[in-house]
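My notes are below, point by point.

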Amino acid sequence: MPEVRVIALGEVRRQVGFSQREISFAGATVRELLRSIATKQGGSLEDLLVCENRLRGDYAVVIEGLALPADQLERRLAGGENVVTMAVIRHLSGG
Amino acid sequence: MAATHSTPIAPSEGRWIPSTCGMCLHGCGIKVQVVDGVAVKIEGDATNPDNLGKLCPKGNAGLARLYDPTRVLWPMKRTNPEKGPGVDPGWERISWEEAYETVARELDRVRKDDARKLLCAIGDFQRILLWGWPAVFGSPNFFTSLGNYCGGSYHPVNGSLDGSFAAINDYEHCNYWIQIGSGDGFSSHLHLAGSSKRMADARMRGMKVISLDPRCSIASAKADEWIPILPGTDRAFVLGMAHVLVHELRRYDRKFLREHTNAPYLVDEKGYQFRDEQGQALVWDLAVHEPRPWDKVAADNMALEGSYHYEGRELRTGFQVWMDLLESHSPEKMAEVTTVPAATIRRIAREFVDAAQIGATVEIGNKRYPYRPAALNYYRGSQSHANGLFDNLTYKLFNMLVGNIDVPGGHLGVPLDHRGFFVSPGEDGMLKPEPHQLHPAPPFKYPPDSTHLMEWFPIGFDAGQLNAETILNPQRFGLEYQPEAMMLYHSNPWWNMPETNKIEQIFRRMKFVVAIDIHLTESTQWADIFLPDRTFLESTLLNCLEPPVVTGHSLRQPVVEPLGDTRDAYEILTELAQRMGFLDNWNDLLNLVCGFTAKPQNMLDPEKRYSTEELFDRFARNIYGDDHDLDWFREHGHAVRKRTPDETYMPYGKLRIPFYFEFIKRTGDELRVNLEAAGVAGWPYENYAPLPYWKNSPVIDDGKRGYDFYAITFKEPLHTFADTLVMPWLSEVSEKDPIHQGILLNAATGKRLGIATGDRVRLTSPAGSIEGAAQCVEGIHPQVVGVSNAITREFVTNSGVRANGSHFNRLLAGSLDYTDGATGGLESSARVRVEKIAVAGWAH
């Protein structure tokens, strides 16, 4: 049971009810981690973030500073890793 | 009240406080002498290896910004509902509570209706961490109003090449420096004060400088050779030189191209890389005479040149594709475009490749690197054009021909900030292209959300000029709404943007305008509420932006008590976020952009309000550890150090960089599918090409319509953007230099047209016209007229500064036709007619 630190930003934070938390979960993959986190809607974070076996396009999961490709939900997590979950900030544009 | 001094203040009086200059975006280290609570002197901080104790004229004039008697020192509201140029807003002082209540109410009304209806023009480059505020408000409509002129095409190409943000030649090791349309090391661009010292040192050890510029700029005047050239044709000059290297001299760095780029990767008939069934890019293996995966072939066996028939396919290496394109770019052909003689193009090409010493190596810090002490450096003047992507690609590829990218003596990437180059593996052994470093790539959307169409510029940067195009022609672009409120945060779009008449129309449509600034400008005159920010001498910030040879932050800290009743911009934006109910999202965004998510112990509590000092204390500790908190920076001033060789030279190791920019082509093809599916016709896809070539820009073609001269603008180290033009000290210096006092015209041209210095002339472009006094000089191309940016402010509050109507931007077109279709970069030159309207001495 790896223990990782999950950081939830914006809409995801409101759904899971915490900003950051150490979480031990049954399993080893990102998908299993998301499945272990309940949301206020009654389902899990997996229900919110995953669609047809892919990370939904309007959400991002960043592990140790690197964005998780949408089809890499089976990536195995190591203990102590830092997992950021958030809705993609579509409007962060300009320059 | 502070004591007054009737005698000069000795350096030993009072105390010297380390801080960071805020007179341009780059932030030199400074020391400020404060006596009896009054800042009396600013000097460069000699302990800061960025600027080495040097300071430019702007930095030296910093006190004039702090103590400018026309600064706005308290919140104000407009009492005159009529708006327009020259209309007195009837400013009336109000409390912060009234100001905040009004702004929050008006913006919240917009937000609850449709947040996209807020336009945000933000030009505070040092406080880049705050640029996400519009995003958490919910509006995609954020633009700088400045970046489209200079970095629009430049930054995406740097990021796509090597994960850098900007670039500069290696001051320390370069021996032959070609400078094209840039003031680097002389008058402008990256960290001018320190760069000027480095340039001077390089010249003292014998480095040769060749400057291409339509005008005899400061760089040209100090160069070994000035080559006058028509604006927007620099790329043709460089393509001509590339032709010489590739087709005439056949001298290029084959080892570099094979080992460190995708130049040997095969390209198919459609312009895509030829791949095997596993999707691996293939090269032509000279040992077995067939295509094989790139990672299965020794570099020496990779064909760099050549066309190959394989199983009915016509394949070429990426390098061969450019060779074929270059065939038609002979110096003679390019001389017709540029007016630079073919013999000069050939001579400079030969000098360059001779100086590059292809094959040489050098040992630095116990490590051996390729040594290529010749490089081409460039910036705004040579690539801020409607084909700016091609311009940038050409200059990079030309440098790559001699293998000088990111090696000692060569052309070096400059990172955005302390994080260094953006390095992560991409496809086929390549570095992952990072055209966007300030925000995620905006996904395609139709109808578009943003008024500057960022969703349609997947490798673009800042097409702020398109606001006028879309807002005034919403049907053409499918824009579903009309903006009705505007936030101006240290940005002056009315002055900065092209086609001022269109910008005025947009301002007239706004139901509410709020300005956060230090002083009144052409744009803030349209504001309903003015929220006064603090100057760089009264506020806190950790700064690190585009450092060419160093890394690390320097602290901006208050050196005096804030004047009047002002607030820090961060605190203003935070207060507004809290009042509108999105403080939690604002803090979350700061958690992300400040990197706090990587060290969760530093994360901001979403529900809690933090002061500027608390924010930057966390920021400092997050990067440098708990022993480098804000107090540490207050005492030491900075944590800036020289970048190490490993951080400077090929920091991406063995990852290859692109020679053939397949991803640009792919991106354009994907955009075409999306736009055509949406029914959008007439979008300019042509610049989504993997390799550059010469084609006329719309400005060149305007010559066929009788606009027989080119018009350019130029700047000097005295000024930054529009900000400093209203400062009496700097304005006075500008006014003493004739080149800032009129429209520069070549003396022979003036004689031919019967125009003498002082005569009143009118310039008319397809977009507009301006007038001014002619200044006939030798130092400008005979077909070019030049207008200094130092004479162009139209609204000033300081009686020590003259207002002048010769605003160059009125000549520029801001439409899609004058915009790079791939990057959104803006054409910054224009074709004009020149006519004399009055002789010198006659009132007009």
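**Notes on strand β23(B) and a few other spots**

1. Strand β4 of chain B (residues 76-77) runs antiparallel to β23(B), and two bridges join them. Strands here are DSSP runs (E, at least two residues), numbered from the N terminus, and two of them pair if DSSP finds at least two bridges between them. K77(B) is the residue opposite I529(B) in β23(B).

2. Before going on, some housekeeping: this is a predicted model, where local features need pLDDT of at least 70 and side-chain atom pairs count only at pLDDT 80 or more, while totals for chains, interfaces and linings use all residues. Residues are numbered from 1 along each chain as its sequence is written, with chains lettered from A and ligands numbered from 1 in the order in which they are written.

3. β23(B) also has a parallel partner: four bridges tie it to strand β22 of chain B (residues 512-517). There, V514(B) has I529(B) as its bridge partner.

4. What covers the picture for β23(B) (residues 529-532), buried or exposed faces? Both faces are covered, with I529(B) and L531(B) buried on one side and F530(B) and P532(B) buried on the other. Buried means 20 or more other C-beta atoms within 10 Å of the residue's own, exposed means 12 or fewer, and partly exposed is in between; C-beta atoms are placed from the backbone.

5. S799(B) sits in the loop between β32 (784-788) and β33 (830-838) of chain B. S799(B) counts as exposed because it has 9 C-beta neighbours inside 10 Å.

6. On confidence (pLDDT, from 0 to 100 for each residue), chain A has a mean of 90, and 94% of its residues reach 70 or more.

Terms used:
pLDDT is the predictor's confidence in each residue, from 0 to 100.
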